[in-house]
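Trainee: Before we look, I would like each label checked against its cut-off.
Mentor: Fine. Ask, and I will set the value beside the definition.

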Amino acid sequence: MQPTPDFDPGKLAKSLLRRSRQGALATLMVSSGDPYCSLVNLASHPDGSPILLISRLAVHTRNILTDARVSLMLDERAPGDPLEGARIMLSGRAEQADAEKELLQRRYLNAHPSAEGFASFKDFSFFRIHPTGTHLVAGFGRIVDLKPEQFLTDLTSAEDLLAAEEGAVEHMNADHRDTMKLYATKLLDAAEGDWRCTGCDPEGLDMQAEQTALRLEFPERVTSGTELRKMLVRLAGEARGNTK
């Protein structure tokens, strides 16, 4: 199926990955190989791949450590019939964080601040799901299989931006909460709330109020801290223009 002006499957899959805070994780039972499904909290890596914080005492973690193959179901959580909303079934391999642990921890705790109390427990570890593909269902006639390059964010040449992300998030939350509110209410038509920034990447800004997450997409790709600052100022101007 080819994208149309009102349906871009890659864009929708990206949005679901960025906005989802919970999902149904399917693993394979160690003893029998039978499917096992559990509810998990999640956040997203800068490229959009899911981040998990799970305990070795949990059945799904023991399953993953034996066989890393997993699938993850995410949906829009829209009002009404859940089957009328968009959802994706992502397949991939879950790998424990090593070199990226600091990055995964920071982004996960930005999305789930309450997890800070147990994130350092010895039995808890951060895992990242490396997708092999996803199956998108977005309504009648809108069922598409996507490859990772169609729904993950390309981080090529974005090293400067990734290095600046932590400081940018802290700065926005400390000094520009009013601007975050404008982004949410004027550019994304969201309700009033205590909106804060949880992350950024070359394609957009993630924000959250309570457990409601939003994605503010950039009109152009940014790959450095300087470009990010210019983009955020530009979008703030557009948001203020919408108040007239």
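Trainee: Which strands form the open sheet, in what order, and is the pairing parallel or antiparallel?
Mentor: The open sheet has three strands in the order β9-β10-β11, and the pairing is antiparallel. Strands are DSSP runs of E with at least two residues, helices are runs of H or I with at least four, and both are numbered from the N terminus. Two strands pair if DSSP finds at least two bridges between them.

Trainee: What should I know about the model itself?
Mentor: It is a predicted model, in which local features need pLDDT of at least 70 and side-chain atom pairs count only at pLDDT 80 or more, while totals for chains, interfaces and linings use all residues. Residues are numbered from 1 along each chain as its sequence is written, and side-chain values use heavy atoms, with hydrogens and water left out.

Trainee: What makes β9 and β11 edge strands?
Mentor: Each of them, β9 (196-201) and β11 (212-217), pairs on one side only. Neighbouring strands of this sheet are turned by 20° against each other on average, direction ignored. Angles here run from 0 to 180 degrees between N-to-C directions, with axes fitted to C-alpha atoms, for helices over the stretch in contact.

Trainee: How do you know that β10 and β11 pair?
Mentor: Six bridges join β10 (residues 204-209) to β11, and the rule asks for at least two. One place to look is A209, which stands opposite T212 in β11.

Trainee: Which helix lies across these strands?
Mentor: Helix α1 (residues 9-19) lies across β9, β10 and β11, and runs at about 135° to β11.

Trainee: Why is the K11 and E217 pair called a salt bridge?
Mentor: The term requires a side-chain nitrogen of Lys or Arg within 4 Å of a carboxyl oxygen of Asp or Glu. K11 and E217 meet at 3.5 Å, N to O, so the pair qualifies under that limit. K11 is in helix α1 and E217 in strand β11, 206 residues apart. The structure holds 16 salt bridges.

Trainee: Why do opposite charges pair at all?
Mentor: Side chains of opposite charge can pair when their charged atoms come close.

Trainee: What makes R215 and D201 a salt bridge, and what does the pair tie together?
Mentor: Their closest N and O atoms are 2.7 Å apart, which is within the 4 Å limit. R215 lies in strand β11 and D201 in strand β9, so the pair ties together parts that are 14 residues apart in sequence. R215 counts as buried because its relative accessibility is 10%, and D201 counts as buried at 0%.

Trainee: Why is strand β7 described as mostly covered?
Mentor: Of the 14 residues in β7 (residues 124-137), ten are buried.

Trainee: Which strands pair with β7, and over how many bridges?
Mentor: β4 (residues 50-55) pairs with β7 over five bridges in the antiparallel sense, and S55 stands opposite F124. β6 (residues 87-96) is antiparallel to β7 over ten bridges, with T134 the bridge partner of L90. β8 (residues 143-146) pairs with β7 over four bridges, again antiparallel, and T134 stands opposite L146.

Trainee: How do you know that the protein agrees with a compact globule?
Mentor: The rule is 2.2 Å times the number of residues to the power 0.38, with the radius of gyration taken over C-alpha atoms. For 244 residues a compact globule would have a radius near 18 Å, and the protein has 18 Å, so the value agrees. Of those 244 residues, 48% count as buried.

Terms used
Contact means heavy atoms within 4.5 Å. Buried means under 20% relative accessible area, exposed over 50%, partly exposed in between (1.4 Å probe, protein chains only).
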